[in-house]
Structure formats: C-alpha cells, structure tokens
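Work through the exercises below with the sequence and the coordinates open. Each task is followed by a solution in steps.

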Amino acid sequence: MDFRESLTMAVKTLTASKLRSSLTMLGIIIGNASVISMVGLGEGAPRYINEQLQSLGPNILFIVPGNRETRRLGGLELARNLVLADAEAIAEQVPSVIDVAAENTTPGLISFFNRNANASVIGTNPAFITVRNFTMGQVAVRGNSLAERLFEDQVARGQSLRINNIAFEVVGVLELQGSNLGVNYDDAVIIPITTQASRIVGRTSPYGIEVSFISATARNADSMQTAEFQITNLLRLRHGIVDPAEDDFFIQNQDTLLSIADTITSALTLMLAAIASISLLVGGIGIMNIMLVSVRERTQEIGLRKAVGASRNDILIQFLIEAIILSAAGGAIGTLLGISGIGLLSLLTPFEASASVSVIVIAVGISGSIGLFFGVIPARQAAKLDPIVALRSI
Amino acid sequence: MPTLINLSHISKLYGSGNTEVKALWDVSLTIDQGDYCSIMGPSGSGKSTAMNVIGCLDRPTEGHYFFDGQDVAQLDDDTLAAIRNRKIGFVFQQFHLLPQLSALDNVALPMVYGGVAAAERRERAAAALQRVGLGNRLMNKPSQLSGGQQQRVAIARAIVNRPLLLLADEPTGALDTTTTEEVMAIFAELNQGGITVVMVTHEPAVARLTERVVWFRDGEVIHAHMSPSDVSYGALVE
C-alpha cells in the first residue's frame with residue numbers, strides 16, 4: 001500500500017467524522033495561533049522601541065549624572081550633578097559634536113488668565129530644538145497638549161503666560177510629539193535654563209547651574225564613538241576624576257538603549273513563546289487522546305483490514321497519517337488565525353506586530369511533528385491488535 | 001482434486017496449568033480444492049478456533065497446517081496477512097463493511113493492500129459487485145443497503161482477489177430466510193466456478209445446502225465426512 005493510498009484513505013476517514021476531527025484539531029489550532037501571535041507581538045515590541053529611539057533625534061548621546069555601577073545596583077548616590085558649564089564646555093571643546101542641549105526639569109504651575117495647569121517646566125538652551133529633533137509648529141496646535149488646554153482655540157504665540165506667577169511670553173509652540181520613553185514633551189513649557197535657574201529654581205550648586213542631563217548630537221553616525229570618548233575625557237578632566245571607576249556621569253547612546261530594550265523584549269518573547277508552546281503541547285496530547293479512543297472504537301475496522309491483508313505497517317501508517325493530517329491541518333488553520341490575531345494586536349497596541357516566516361514554518365513543523373509523536377502510541381496500539389479479537393469485539 | 005487444506009494433528013491451547021483450555025485437540029482434517037463444506041458443532045466445540053486457524057488468522061499451538069501446499073502454522077503476522085490477502089476471502093456474520101466507504105471502495109479494499117493499481121481496482125470491484133447482483137449499487141454506503149445487500153457486498157469483497165478459499169463465519173446468521181437463500185445461491189454459484197467454500201454455521205437448513213459437513217465437539221472432529229442430509233440427525237444427537 002503506497003503513501004498516496006494511505007493519504008486518501010486517511011482523508012476519507014477523517015472527513016467521515018467532521019465534528020470529531022475539527023474538535024481534535026482545536027487544541028493544535030489554538031496552540032499554533034497563540035505561538036505565532038505571541039512571538040509576532042514579541043517581535044513587534046523591539047521595532048516599536050527602535051522607532052521611539054529613532055525619534056529622539058539622529059546620532060544622539062545622552063550624558064546622565066551618576067555612576068553606571070551604583071545606578072545598576074539601584075543604590076542611593078550623592079554624586080555631583082552635571083552643570084550647564086559642562087554642556088557649554090562640550091559644545092566648545094569637543095570637535096565631533098555639533099550641538100549640545102542641557103535640560104533641567106522642574107514642576108510648575110502654569111496659568112493663562114483664569115486657566116491653570118500643572119506641567120513640567122523644562123529649562124534648556126536653544127540647541128534643544130535641533131538636538132532633540134523637535135519642530136516648531138504653526139500657530140494652531142491639536143491634541144491633548146498644554147497649549148490646547150491653556151489657550152484653547154486662541155493663537156498662543158505672543159501671549160503672555162505665568163509660570164509660578166512669573167510672566168513669560170510665548171514665542172512658539174512645538175509640534176505634537178507624543179510621549180517618548182516615558183517623558184511627555186507635549187505637556188511642558190520650555191524656557192531658557194538660566195532664567196529657570198535664577199527665577200524658578202532660585203539656587204545654584206557650587207559648580208554652577210545644575211542640569212538633569214545633557215544631550216549631544218554627534219557629527220555623524222561614524223563619529224558617535226569618538227564623541228563618546230572625547231566627552232568622557234573632557235568631563236573627567238572637568239570633574240577631576242582619575243579612576244574611571246569613579247566616574248560621576250555616564251553616556252548612553254541609542255545603541256545601548258536599544259540593546260537594553262532588546263534584552264528585555266527578547267526575554268519577554270521567549271516567555272510568551274514558552275507559555276504558548278504549552279498550549280501546543282496540550283493540543284498534541286488532545287490528539288493522542290482522541291486517537292486512542294478512535295483506535296478502541298475502530299477495533300472492528302482494524303480487524304477487518306487485517307483480515308483482508310493489511311500488514312502491521314499498513315495499519316501503523318494509516319493511523320499515523322491520520323494524526324499527522326489532524327495536527328498539520330490544525331497547524332495551518334492555527335497559523336491563519338495567528339496571523340489575523342497579529343493584525344488585531346497591531347490595531348489594539350502600538351506595536352507593529354508581524355508574523356515572521358520562520359516562526360510560521362517552525363510552528364507548523366512542530367505541530368506536524370507533535371502529530372507524529374503523539375500519534376505513535378495510538379498507531380502502535382492499532383497495529384498490534386489481533387485480528388480475531390478485533391473482529392469479535394462488537 | 002488436490003488437497004487445499006490439510007490440518008495435521010493441530011492443537012490450540014489457551015492459558016496454562018489448571019486454567020488450560022483445549023480449544024482444539026489433535027485435529028486432523030483435509031479439505032480438497034473445489035469442496036463445498038460446512039463446519040458445525042455446538043457452542044464451544046472449537047469450530048470458530050478451527051476456522052481462525054484455517055483462515056490463517058490464528059496460529060495453532062501444535063501441529064502443522066498445510067495450506068495450498070505450504071506449511072503456514074508458524075509464519076509471522078505479516079506473511080499470514082499476505083496469504084489471507086491473496087488466497088482467502090472472508091465473509092462474516094456482521095458483514096464488517098467500513099461505514100465511511102462506498103460499496104465499490106469496500107470491495108476494493110483487499111486490492112488496496114494487495115498493491116493493485118487504482119484503475120484496475122475500480123474495474124475488478126465493479127465486476128465483483130456485478131457478479132453478486134449489485135451492479136447498480138456501486139456508490140451506496142453500507143447504511144444505504146439492506147442486510148442481504150450488505151452481505152453480498154461482503155461476498156464481493158471476499159472474491160475480488162480471486163481467492164482459492166472462501167471462508168464464511170455464520171454468513172446467514174443475521175439474515176432472514178429469503179436473503180439467506182439468495183446468499184446461499186451465490187455461494188453455490190461461486191463453488192461451481194471452482195472456489196473452495198468453507199462455512200461455519202449452526203443452521204441445519206444452511207448446512208444441508210452444502211456438500212459435506214465437518215462436525216466438531218469438545219475441540220475434536222467427530223465426523224469429518226458427514227452427509228448434509230444427516231445433519232438434522234446429528235443436531236439431534238447433540
């Protein structure tokens with residue numbers, strides 16, 4: 001009996017009991033759909049994070065106060081902060097850097113006539129706009145931004161607003177940016193850092209005007225490393241640090257941020273895939289169960305087939321093929337479901353989830369082999385049935 | 001006629017020690033090619049076991065069984081399956097048709113395992129159904145056929161591989177009188193065509209339509225060459 005005969009025979013048998021066949025496949029369908037959509041989602045996450053990082057601005061370096069080691073340990077630190085003078089020194093003395101922005105964020109009460117809002121007050125220098133990839137908007141602003149709340153449909157530019165009761169003139173409104181790595185620049189006012197230090201913070205450290213962090217744009221992608229090296233040297237010089245272990249600042253670029261995000265998301269993806277695989281496994285066990293019941297129910301059929309000349313192998317192959325067809329068809333349907341699930345997830349989450357071909361191939365392959373694996377036990381039971389006993393059972 | 005079936009001192013034992021059951025004990029029996037023979041006996045007399053041994057479905061514990069000149073007593077499962085496929089046709093009381101297959105596919109089943117090409121299978125299966133008078137029922141599923149028709153499909157399946165031996169186990173047990181006569185007529189016609197027919201039955205009326213009766217009791221052959229006309233007498237003796 002050749003393979004094609006076995007295949008048609010198995011298809012005939014399976015289509016004869018459609019309800020049972022589809023219920024048997026259900027486990028594999030769900031398992032496969034969840035593996036594919038979960039992995040798709042997991043792969044969408046780094047892409048999303050990557051986009052976010054790209055929107056930070058090209059070739060950007062962040063110089064953050066604190067020691068990398070103590071930060072990692074989450075320890076309390078009393079490190080010396082970065083100051084505006086550090087930023088100015090970087091801008092003047094580091095040749096591979098074209099623009100430097102210093103930022104210091106404080107909370108503030110913003111008011112315009114009788115409307116008030118609590119928002120972040122970001123003190124910075126003019127380079128901020130170019131370094132952080134912001135664009136100045138037209139007069140009208142949409143979205144749930146501070147400008148809309150305060151000015152509603154009035155023209156903001158040229159108006160005077162108050163920050164902690166100090167009057168400021170609005171010189172422009174930034175385009176809507178959306179929140180970026182947890183910071184919402186749409187809900188903030190941006191003022192000169194020197195004004196912020198003197199009028200709002202009202203104090204300076206012994207070293208100068210403190211800043212939260214400094215961002216710098218390297219000349220191009222190739223000079224990122226050079227810039228990092230030069231900035232490190234300059235700051236060590238300025239802060240009087242000899243031993244690199246005692247650095248009171250550290251530099252992050254998009255790559256290090258990306259690799260941190262990557263580590264987290266790939267661990268997450270792995271976890272999701274592992275959980276989804278369990279349902280695939282359960283689906284396989286479901287197939288084994290139904291096949292075992294099916295062997296018992298079909299003892300007479302098996303006996304008859306053996307009586308008219310089926311060898312052990314013929315019976316074994318027949319039942320194996322049935323199991324494989326069930327799991328492979330279940331795998332295919334599950335794949336389609338998984339792909340549509342990914343489409344749905346892309347609509348519901350910011351992740352641009354996508355089904356990768358390799359995952360689909362692997363998932364269908366695995367579900368097929370699950371059929372083979374879990375089909376073996378029932379098929380062997382069927383193959384070793386004694387035709388006399390099988391024929392006698394009613 | 002040459003001998004087709006030669007059982008030589010066949011014993012079949014089940015269990016061991018105190019629970020040992022002698023299903024067959026030292027049975028010797030020959031059936032020639034072209035014979036039309038029925039096996040009778042009370043329940044538990046060993047006639048079903050004998051039938052299983054004759055049909056190469058079961059191996060005897062002791063003794064030799066020469067079928068078509070070949071000692072098949074201790075061959076392995078797959079070799080026996082191949083012999084059954086090529087040389088023996090089975091008809092059962094419960095028909096044993098596969099419900100999901102059409103009459104044509106049911107009849108073609110032995111040829112599937114015999115490695116016959118699909119086109120030839122269809123042709124020969126249709127011819128076999130024609131021969132049992134079901135030429136117009138090729139595509140019917142078993143559930144769409146009457147009991148007599150189902151048994152005729154089973155007979156078509158039994159003869160489709162042109163076997164030497166047609167082995168029937170209570171072939172009329174589930175049929176009414178009219179269809180019993182139809183089925184017996186088919187057996188007689190097939191026997192006329194040269195096929196050896198051996199059937200297990202406990203209906204004297206059916207046995208009387210055959211040419212020879214083998215009588216079993218307690219795992220032994222009591223009469224190997226009983227005349228069918230004596231059957232009612234034999235049945236009374238039991």
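This is a predicted model: local features need pLDDT of at least 70, side-chain atom pairs count only at pLDDT 80 or more; totals for chains, interfaces and linings use all residues.

Residues are numbered from 1 along each chain as its sequence is written, while chains are lettered from A and ligands numbered from 1 in the order in which they are written.

**Exercise 1. Pairing of β4 in chain A**

Task: Which strands of chain A pair with β4(A), and in which sense, parallel or antiparallel?

Solution. 
Step 1. Helices (H or I, at least four residues) and strands (E, at least two) are DSSP runs, numbered from the N terminus. Two strands pair if DSSP finds at least two bridges between them.
Step 2. Strand β3 (residues 97-112) of chain A is antiparallel to strand β4 (residues 115-124) of chain A, with 10 bridges. Within this pair, S111(A) faces N116(A) of β4(A).
Step 3. The hairpin of β3(A) and β4(A) has 2 residues between the strands, and F113(A) in that hairpin has a positive phi near 50°.
Step 4. Strand β7 (residues 188-192) of chain A runs parallel to β4(A), and 5 bridges join the two. T124(A) has P192(A) in β7(A) as its bridge partner.

**Exercise 2. The six-stranded sheet of chain B**

Task: What is the strand order of the open sheet of 6 strands in chain B, and which strands stand at its edges?

Solution. 
Step 1. The order is β6-β7-β8-β3-β9-β10 (chain B), and the pairing is mixed.
Step 2. β6 (88-92) and β10 (220-226) of chain B are the edge strands; each has a single partner strand, so one side of each has no neighbour in the sheet.
Step 3. From one strand to the next, the twist averages 15°. For such angles, axes are lines fitted to C-alpha atoms, for helices over the stretch in contact, and angles run from 0 to 180 degrees between N-to-C directions.
Step 4. One pair inside the order is strand β7 (residues 165-169) and strand β8 (residues 196-200) of chain B, which are parallel and joined by 5 bridges. Here L166(B) is opposite V197(B) in β8(B).

**Exercise 3. The hairpin of β1 and β2 in chain B**

Task: How many bridges join β1 to β2 in chain B, and which residue of their hairpin takes a positive phi?

Solution. 
Step 1. Strand β1 (residues 3-14) and strand β2 (residues 21-32) of chain B run antiparallel and are joined by 8 bridges. L7(B) is opposite L29(B) in β2(B).
Step 2. There are 6 residues between the strands of this hairpin, and G15(B) has a positive phi near 70°.

**Exercise 4. The contact between the chains**

Solution. 
Step 1. Two residues are in contact if their C-beta atoms, placed from the backbone, lie within 7 Å. Chain B contributes 21 residues and chain A contributes 19 residues.
Step 2. On the side of chain B that touches chain A, α2 (77-87), β6 and α3 (103-114) of chain B are the elements that give two or more residues. With 6 residues, α2(B) gives the most.
Step 3. Ala, Val, Leu, Ile, Met, Phe, Trp, Tyr, Cys and Pro count as nonpolar, Asp, Glu, Lys and Arg as charged, and the others, Gly among them, as polar. That side of chain B has 11 nonpolar, 6 polar and 4 charged residues.

**Exercise 5. Burial of α3 in chain B**

Task: How many residues of α3(B) are buried, and which elements do they pack against?

Solution. 
Step 1. A residue is buried if 20 or more other C-beta atoms lie within 10 Å of its own, exposed if 12 or fewer, and partly exposed in between, with C-beta atoms placed from the backbone.
Step 2. In α3(B), 11 of its 12 residues are buried, including D105(B), N106(B) and Y113(B).
Step 3. The buried residues pack against α1 (3-16) and α11 (312-348) of chain A, and against α2, α4 (118-131) and α5 (147-159) of chain B.
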